[in-house]
Amino acid sequence: MPLESSFTNRPTIGLLETPSLGLHDPTGRNWTALLKRNPILSKQVLLTHLQAGGFDAQLIHLRDGEYEEEFGQVAWKGMTLKKVYSGKKIWDVDPQAYDAWGVTANFMQEREIVCMAIEHLSKGGKPIVIGGSDAIATPEPYFQAGATVIVVDKSGAANLSIFDHVLGQTPREPLNGVIFPDGTSYPKKNPAMSPQDWILPSVEIARQCLGTEYSGGRFIEDLLPLGSVFSDIGCDRTCDFCQTPTYGTGYRRMTPERTLEWLALQKEAGAKSTIMIADQFLGRILFPGGREEILEITRGAREMGMPLLWPNGLELRKATLGRGRNFEDSDLTPDEELVEALWGWDGKVGGFLAYVPAERPVVGKQPYAKILPWQQHCNMLRSIVRAGLPILVYGVIVGLAQDSHEELLYLEESILELRQDLMSINPDLEFQVASFSISPFPGTPQWDYLTKADLLRIEDPAVVGEFWTASCDTHHMSYQEVSDWQLRLAEIGKYDSKPKLLNYHGKLTVVPTGDR
């Protein structure tokens, strides 16, 4: 996309990072992670792109603050939860401070907060451009709140032209990847923009987007602040819960050289470690030379002294000798060199933290094609722990349509046995269970099935979108029972006597944090 702008003066754009959601029960406990000072992931890309395109774009960070305001209530699990936004006061933002506004709406649970911000900004009469996963899936609430346009292209290809348009200039390229309140829409560019073509941010922008905490909770001080790099977009899988396949970007990635440039910039900005955010980082292994790319990136990060965190989940099947292919004869033996490159830790550099998307690895037909069979799954985790990974966050989804008490009891026993096995390899391993309830996203097959089967019991977006407040029954259990199991699984390991490096659950207070 051409960056040249026809503006004689640089129009101003305010990019709003809206406050975080809290859900407080009558005892004062909070049922959300309340993420406030994590790295600001996509704004690093967007700020840079808009500034390079001739706009004076600035970040307004409303998460980073201690102000709280109640904005509603919702009945859940026999009690009333207060909806609270936390950060900085929305009403203190001057709606006329910028020529245009950009607001991201990625998460259903924050929909009402974003809409409050849009309603407030609309009082200034300036155009408001909305992007993000929830706005793409459910645009109506955002238009009702006063949005001018919603960007449905997740690659960045639509950004410059739509801001040209809303600011009264002839777009430098034809409009693409946007929808308007009257239903007028413009198709996304094909092919989508690649992360390889994203402009490297300035040190100042990278520094603005650093995180001073991880997952809202405590973290080892030597690895703060945290940088972030979006090295890939898209995915080769079509898991039924995920919105990524609906974006139409295809799988696109940075080269190793470009990825290392981004990592070096994070270090120059002051990052002591970097979160690697990608829809499917190991997707590159499906391409010729892809394995070597992974080794080059991880080796380069070690050489520059930059520890890496993998919070989005690396697909374990793609770290096998079978490279993630779902053939009957695929070799599911761990690729030990790849395991060492991704999860190896020498005390200073390598992979420090990994979220393992175990989902439901135990029983019957796997809900997601990417999941390894149980024995191979355990073998892979043994290899990962032998490589020295200090923190393993074990992600389990609770509340699948066929879940029963018996199945979850079996799951619990299997996790306890696996954990004991892994701790025998490395007694210092920090093994935390992240037990998430089904949080169906509109537009996905999972949403369609759960709504048609009449299993969605709570429709309030603050509850449905929040992974810690179960909203769906199963065919054998109520959502209340799903929630009870979720809390029970999260307690695995909490009685360890040694201090923890990380509180993965952030400011969630329904799970004890003192000795997790």
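**Exercise 1.** Which residues have the most contacts inside the largest nonpolar core?

*Solution.* The model is predicted: local features need pLDDT of at least 70, side-chain atom pairs count only at pLDDT 80 or more, and totals for chains, interfaces and linings use all residues. Residues are numbered from 1 along each chain as its sequence is written, and side-chain values use heavy atoms, without hydrogens and water.

Step 1. A nonpolar core is a set of buried Ala, Val, Leu, Ile, Met, Phe, Trp, Tyr and Cys residues joined through side-chain atoms within 4.5 Å; buried means under 20% relative accessible area, with a 1.4 Å probe and protein chains only.

Step 2. The largest such core has 66 residues, and Trp 76, Ile 130, Tyr 142 and Ile 150 have the most contacts inside it. Helix H2 (residues 111–122) gives the most to this core, with seven residues; helices are DSSP runs of H or I with at least four residues, strands are E runs of at least two, and both are numbered from the N terminus.

**Exercise 2.** Determine the strand order of the open sheet and its edges.

*Solution.* Step 1. Two strands pair if DSSP finds at least two bridges between them. The seven strands follow the order E3-E1-E6-E7-E8-E9-E10, with mixed pairing.

Step 2. Strands E3 (56–61) and E10 each pair on one side only, and are therefore the edge strands. E9 and E10 run antiparallel and are joined by two bridges.

**Exercise 3.** Is Phe 180 buried or exposed?

*Solution.* Step 1. Phe 180 lies in the loop between strand E9 (178–179) and strand E10 (185–186).

Step 2. Its relative accessible area is 13%, so Phe 180 is buried.

How values were computed. Buried means under 20% relative accessible area, exposed over 50%, partly exposed in between (1.4 Å probe, protein chains only).
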